[in-house]
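Here is a short report for you to read with the structure in view. Let's walk through it together.

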Amino acid sequence: MATMGSLIGLVNRIQRACTVLGDHGGGGGEGSLWEALPSVAVVGGQSSGKSSVLESIVGRDFLPRGSGIVTRRPLVLQLHKTDGGHEYAEFLHAPRKRFTDFAAVRKEIADETDRITGKTKAISNVPIHLSIYSPHVVNLTLIDLPGLTKVAVEGQPESIVQDIENMVRSYIDKPNCIILAISPANQDIATSDAIKLGRDVDPSGDRTFGVLTKLDLMDKGTNAVDVLEGRQYRLQHPWVGIVNRSQADINKNVDMLSARRKEKEYFESSPEYGHLAHKMGAEYLAKLLSQHLEAVIRAKIPSIIAMINKTIDEIEAELDRLGRPIGGDAGAQLYTILDMCRAFDRVFKEHLDGGRPGGDRIYGVFDNQLPAALKKLPFDRHLSMQNVRKVISEADGYQPHLIAPEQGYRRLIDSSLSYFKGPAEASVDAVHLVLKELVRRSIAATEELKRFPTLQSDIAAAANDSLERFREDGRKTILRLVEMEASYLTVEFFRKLPTEPEKAADKNTPVSDRYQDNHLRRIGSNVSSYINMVCETLRNTIPKAIVHCQVKEAKRNLLNRFYAHVGSKEKKQLSAMLDEDPALMEKRDALVKRLELYKSARNEIDSVAWK
């Protein structure tokens, strides 16, 4: 088993490290390691003798004194037992300064209190952290809280009574907090603020230790034996009586070690308390608390370890989300950049392939936008009787055609086919815009990239440059498809057309006019049928060309040029690309330190607890 006090000493070190890293709150911080580790909160009314009890436990006169509310900020007091040497104190807010003069410690507490609250009678829940190293103390963590009061005095807000109670409750509500309830013996225990509050938060009394102060100031003929023996108010733990230094002793600067001896003599020589002398006094109280704290810590080790393991997992997950620190050499930086690019590329492909939304919009271009645009082409106007006559006449020139106006046919078909260029190019542009939007979404959805705003911009620029090239290739290809249709007409289509002219429908119309109109109408109809055939072909081939030139290329080669460009960069340029958000870097550094603290705490608790 661990030696007496070794666990408490370890807990003190861990709590101090937690405080340095900010892993605590006003009352310890919900869910923090500080919160999981037991400590002792000192609770009592103003002028109940709280300060004297603390100084008796420490064996030093180091706390500010005065009338009214003196303790205006929580004081987290960590006692570290040393094997010998000088006594000294250290404040968390002044970590490089050792105090060997305890009068200076008192002044520093007062000054540090005023730094937050000002020279008023206001209170603050921001704790002061003080560590005392001495061979005369036991390993213990005590939290001195502002004294409970019933009325506000001049210079205090009306809410001060409730404010102090709320602050005290924020500590003693915690299930791992041991309550040291200080009550003066010269007042009725039934009216004790500390006992009343302790009973509210700890009805069973499992966490509450009762301390009775000022036993030497009770009226003659009275004593507190009924309280100390648990008959008047019973707790799960024994009551401890304390005799404070008198004001005369304080004025004469009687040291605490002498005061301890006088206290011991008082109990041993007292006819009322002589039989209880062996379990009275500040020294006994300190040992009792230390033993109990050790037992509580040991009992809670499984839950503390479970909490530590859970927090380590959470921190590891958060670090994975934020991204681990990057090595300083060029190789590590290049690897990180390429890894970020691959992560982006995976998300981009998921958008295209249907794992994420957005890729379906490309199909929407082919299935809705392109057919609708083709349907709106003005072939009815272009192949009207009037325009067919005009085109045929211009193609014949001064010598009319004999049988079939081939040049007229070709002109009508060529000019009709040119209309397909607009919808084809619009489809290329529409798919290009979808791909650009998917690049933007993919960058936003790539968790690994969020820490690198400069790299985000570089990847977006490189991807969009590639998409521009793919768009240009797609545009050239679909225009080539249209031009191919115009370059060589499908002869078989025209050979299958009927060659006999239609008979005139109206016998009153001159024969020459009737046949000419029917002849032109048939030419327009034939050209329209041919254009419809080509339209169906292009409706199928344009999407194929766009997918081949733009979508497939984006999946295969979106960042190929960027990879080559990055591979030629120097370390300084790579570092600039990995320029992180300072707030994110600060957050990750804090997480790394917390992770180290929790792992170290787990290892130390394991090594000490089962020796």
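Which strand do two bridges join to β8, and in what sense do the two run? Keep in mind that you are looking at a predicted model. The partner is strand β9 (residues 240-241), and β8 and β9 run parallel. In this pairing, Leu212 stands opposite Gly241 in β9.

Strand β8 has another neighbour too. Strand β7 (residues 177-184) pairs with β8 in the parallel sense, over six bridges. Here Ile182 is found opposite Val211 of β8. The two pairings can be set out like this:

| Strand paired with β8 | Bridges | Residues opposite each other |
|---|---|---|
| β7 (residues 177-184) | six | Ile182 and Val211 |
| β9 (residues 240-241) | two | Leu212 and Gly241 |

Now look at β8 itself, residues 208-213: six of its six residues are buried. Thr208, Gly210 and Leu212 point one way from the strand, while Phe209, Val211 and Thr213 point the other way.

Helices α3 (50-58) and α8 (247-251) each supply at least two lining residues, and α3 gives the most, with three.

Technical notes: Residues numbered from 1 in each chain as written. Predicted model: local features only at pLDDT ≥ 70, side-chain atom pairs only at ≥ 80, totals over all residues. Heavy atoms only, no water. Helix = DSSP H or I, 4+ residues; strand = E, 2+ residues; numbered from the N terminus. Buried < 20%, exposed > 50% of the residue type's maximum accessible area, 1.4 Å probe, protein only. Pairing = 2+ DSSP bridges.
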